[in-house]
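Here's a quick tour of a protein model, written for someone new to reading structures. Keep the picture open while you go through it.

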Amino acid sequence: MSELIVAKFGGTSVADFQAMSRCADIVLADDRIRVVVVSASAGVTNQLVAISQHTELTERFTAYTEIERITMAVLQALSHPEAVAAHIDVLLSELRILIEQAGAVFSVQQKDEILSFGERLSSVLFTQVLAERDAAVACFDSRLVLRTDSHFGKAEPQVDAIRALCQQQIKPLLGSERLVMQGFIGADAQGQTTTLGRGGSDYSAALLGEALDASVVQIWTDVVGIFTTDPRLTEQARCIREISFDEAAEMATFGAKVLHPATLLPAVRQNIRVFVGSSREPEAGGTWIAREVTERPAYRAIALRKSQTLITVKSPAMLHAAGFLTRVFDVLSRHHISVDLVTTSEISVALTLDEAPGSAFDSLTETAIGELRLLGEVKVEHGLSLVAVIGNHLHSSRGITGELFQALEGVNMRMICHGASKHNLCFLVQDADATPVVKQLHQSLFTA
C-alpha cells in the first residue's frame, strides 16, 4: 500500500450512534484510512474513573449503570445488534466481576484494567457501525501490539517493540481490511493491561502511525482544528490552517487541549503530518501540523493553563554559591516532581507545577516541602494561571517583548520566563485575571 492514514476519533466523536455514523462517513470516504483508533464514548471514562476511586459497591454500580446505558443506547441503534451483542455482554460482565471481586481499594494494575473497558466497548460498537456499511473491517486489540513498560497509570511505550509487533501482526492485514483499534491502552511484557495516561488516545494513534510508516495521522475531535486561543475565551479566536511541529508542541505543552502533549513525538521522529479536524464538520477543514510550513509568524497563538502552583526557595546561601540549584533539583528528582518553568535570582529560585490530576503536583508532599525547607525559606502559592504566547523567534525579534508588555500594562505578573525557547514567552497571573489577560493579549496581537 503506497499511502496509509491512521485516523483517531475522540470521545465526543464516538459519543453515540449518530456521532459514530458521522465518523464512519469520514473513514469510508478515504480508502487510505486503514487503521482507526477510537477513544471511549464521551462520559464513559469519567464513570470508569469513578468506579476505580469509589470504595462502596453501591457507588461503583451507580457509575457502572451509566456506562451500561451509554453502551446499550448505541447497541440498540445498530441495524444488526445481534452481531456484537454477545461480545458487548462479555465485556460488561468482565467489568461487573472486577467491580464485585475487588477489595475496598483497587490496585494500580486493577485501575488500568478498569479504565480499559471504555475503549474496548467503543471499538466493538464502531467496528459494527462500519460493518453495516459493507466495509471489510475487524476489531483489533491494541494490547497485542502497543507494548509498554509496567508503570501503571502512565505507562511508557516501548517504541522498537511496538514497531516490530505492528509490522508483524497489523501490516499484513491492511491490504484486505480496515482495523478498528483502542486508543489509550497497551500491555506490558507480561500481558498486563496498561494505560498511557488521560488523553492518551492521540498518543496511541501517533505511535501506531510511526510503527506502520503512515503518511498522515488524523485527529478527529469536536473542534475545527487548532485555534489562535481557546474559542471559549474570546469570539475573536480563529482556526490556524497550518502550524509547525515546534509551535504545536509548545501549544500542547502549555495548555491547548486539542492535542495530547506527547502526540507529536512519534510524528516528529518519522516526519508524519498530523491533521486536526472536527468530525461534526469535516468539510470545514482543520489544522495541518508539519515539519515545514509556508509561514512562521512572530505570534501564532496564546495558550492558557490554569491551576498552577508557584514554589519559591529563598536562601542567602545561594549568593555566589555553587551547587545550590543541584540540591534543589535533587529533592525534586527524588520525589518524582517535574517542573515547567524555572527562574532564578541571586538568592532565590522560583518554579511552577501543574495541579492537574496525575501531574507533578500529586508528588508535592509535605515530606518534599520539608526537604526543600532544609535548603531555605519556602513559599508555596496556589490559584495561578500560566499564559504562554506561542510563536517564532520570540527570543531574538526586536520589539516583541516591548509589544507584549505594553499590551499587558497594569497586569500583575507573578513570574516571567523568556529566552529559554524561541517559540514561547510565558508568565503567571492570578486565576481571576487569566481570561481577561488572554482576551486582551489576543485583541492586541491578532486583531489590532
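Predicted model: local features only at pLDDT ≥ 70, side-chain atom pairs only at ≥ 80, totals over all residues.

Helices (H or I, at least four residues) and strands (E, at least two) are DSSP runs, numbered from the N terminus. Residues are numbered from 1 along each chain as its sequence is written, and side-chain values use heavy atoms, with hydrogens and water left out.

**The open sheet**

- Eight strands make up an open sheet with mixed pairing, in the order β3-β4-β2-β1-β7-β11-β12-β10; two strands pair if DSSP finds at least two bridges between them.
- At the edges sit β3 (137-139) and β10, each pairing on one side only.
- On average, neighbouring strands of this sheet are turned by 20° against each other, direction ignored (axes are lines fitted to C-alpha atoms, for helices over the stretch in contact, and angles run from 0 to 180 degrees between N-to-C directions).
- Strands β1 (residues 5-9) and β7 (residues 216-221) run parallel, joined by five bridges, and K8 stands opposite I219 in β7.
- Helix α6 (residues 117-131) lies across β2 (33-38), β3 and β4 (178-182), and runs at about 160° to β4.

**Strand β12 and its partners**

- Four of the five residues of β12 (residues 286-290) are buried, so this strand is largely enclosed by the rest of the structure (buried means under 20% relative accessible area, exposed over 50%, partly exposed in between, with a 1.4 Å probe and protein chains only).
- β10 (residues 242-244) pairs with β12 in the parallel sense over three bridges, and I243 has I289 as its bridge partner there.
- β11 (residues 273-278) runs antiparallel to β12, with four bridges joining them, and F275 stands opposite W288.

**Two residues to look at**

- S385, in strand β16 (residues 377-391), counts as buried because its relative accessibility is 0%.
- The S385 side chain makes a polar contact with the side chain of D431 (2.4 Å); such a contact is a pair of N or O atoms within 3.5 Å, and within protein, one must be able to donate a hydrogen and the other to accept it, while residues adjacent in sequence count only if both atoms are side-chain atoms.
- E68 has 28% relative accessibility, so E68 counts as partly exposed.
- Leaving aside neighbours within four places in sequence, E68 is in contact with L92 and R96 (contact means heavy atoms within 4.5 Å).
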